[in-house]
Amino acid sequence: MTAVESRPAGGGTSRARRATGELGTSPGRRPFGARFMAFVALTKPRIIELLLITTVPVMFLAEQGVPSLWLVLATCFGGYLSAGGANALNMYIDRDIDALMDRTSQRPLVTGMVSPRECLAFGITLGVVSTLFFGLLINWLSAALSLGALLFYVVVYTMLLKRRTSQNIVWGGIAGCMPVLIGWSAVKNEVSWAAVILFLVIFFWTPPHYWPLSMKVKDDYARVGVPMLPVVAGNKVVARQIVVYSWVMVAVSLLLTPLGYTGWFYTSVALLAGGWWLWEAHALHTRAKSDVTGPKLKEMRLFHWSITYVSLLFVAVAVDPFLR
């Protein structure tokens with residue numbers, strides 16, 4: 001999942017430059033507690049919370065009940081290590097533009113709390129440990145999927161797509177879909193159509209989740225030459241794309257029931273939450289077509305609702321087996 005952090009814009013660039021100059025030369029002299037929290041920050045724990053929301057419910061669906069508590073905890077821990085390693089490597093690669101963007105100006109490499117070499121070693125270590133952890137304690141299919149997600153996020157998205165195409169978040173979002181497959185494979189040691197459908201839900205969810213935030217901070221991306229869709233296209237085009245992806249996402253989310261994987265409870269939640277999502281998406285499109293800009297565009301309404309939506313949908317995935 002490519003769930004993202006949001007940070008109010010304004011003033012970050014000057015702070016970043018000042019902080020880099022003050023702290024960048026001697027990260028080892030920083031207080032232990034601050035250094036520890038800086039390494040935790042490299043893993044982007046707020047984003048990983050959403051990754052776990054898509055992993056654990058799928059395990060309940062795969063088990064058609066309550067999976068082993070040890071397996072759930074082990075899968076979550078391995079997933080945290082893997083996603084944390086990917087996020088750390090992402091920060092290592094993007095440290096040049098992070099220093100120039102308001103929303104990333106307080107990341108550990110920008111402030112100098114962690115050195116680039118430390119960050120690189122930390123990210124690689126987490127990736128290796130997580131792969132071995134999955135393989136030795138869960139199964140090697142989950143290990144392969146976990147490693148694949150890490151490599152896709154770091155190499156395909158961060159290194160190849162992010163700075164080259166406005167479709168970066170569309171295809172780069174595949175990495176954020178992988179926890180769904182990992183959760184299923186941890187239980188079944190295979191991947192089924194149910195997991196593929198939920199994978200596609202997250203795939204089509206990611207762009208309309210991320211583009212509203214990109215609309216809000218497009219000046220940040222424009223400043224560093226990252227061609228996010230709102231940078232290279234107007235609000236009308238972006239909002240229209242949001243509507244298209246939203247309809248496909250909701251339609252895909254409803255496939256689980258006719259295929260026999262879920263029942264009335266999941267269907268009800270998917271319809272209600274999806275209906276509200278479509279209402280918000282079309283409302284944003286209407287405002288964009290009317291040339292509304294600034295705070296009145298209210299693009300962040302859909303961004304915040306997108307997080308609620310995916311949480312509700314996957315909670316329904318976990319609860320549904322108990323109500324059938």
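**The nonpolar core and its surroundings**

Mentor: In this predicted model, the largest nonpolar core has 87 residues, and those with the most contacts inside it are Leu198, Trp277 and Tyr309. Helix H11, residues 193-216, gives the largest share of this core, 14 residues. Apart from this core lies another one, of eight residues, including Met91, Leu109, Met113 and Cys119.

Take Tyr309 next. Not counting residues up to four places away in sequence, Tyr309 touches Trp205, Met249, Ser253, Ala273, Gly274 and Trp277.

Tyrosine 266 belongs to helix H15, which covers residues 264-289. Because its relative accessibility is 0%, under the 20% limit, tyrosine 266 counts as buried. With neighbours within four places in sequence left aside, tyrosine 266 is in contact with Leu198, Ser253, Leu256, Thr257, Leu313, Ala316, Val317 and Asp320. Of these, Val317 is 51 residues from tyrosine 266 along the chain, yet the C-alpha atoms of the two are separated by 6.1 Å.

Helix H10 can be checked for length. H10 runs over residues 174-188, and at 1.5 Å a residue its 15 residues should span 21 Å; the end C-alpha atoms are 21 Å apart, so the two values agree. H10 is mostly covered, with 13 of its 15 residues buried. After H10 comes asparagine 189, with a positive phi near 55°.

Conventions. Residues numbered from 1 in each chain as written. Predicted model: local features only at pLDDT ≥ 70, side-chain atom pairs only at ≥ 80, totals over all residues. Heavy atoms only, no water. Helix = DSSP H or I, 4+ residues; strand = E, 2+ residues; numbered from the N terminus. Expected span 1.5 Å × (residues − 1). Buried < 20%, exposed > 50% of the residue type's maximum accessible area, 1.4 Å probe, protein only. Core = buried A, V, L, I, M, F, W, Y, C linked by side-chain atoms within 4.5 Å. Contact = heavy atoms within 4.5 Å.
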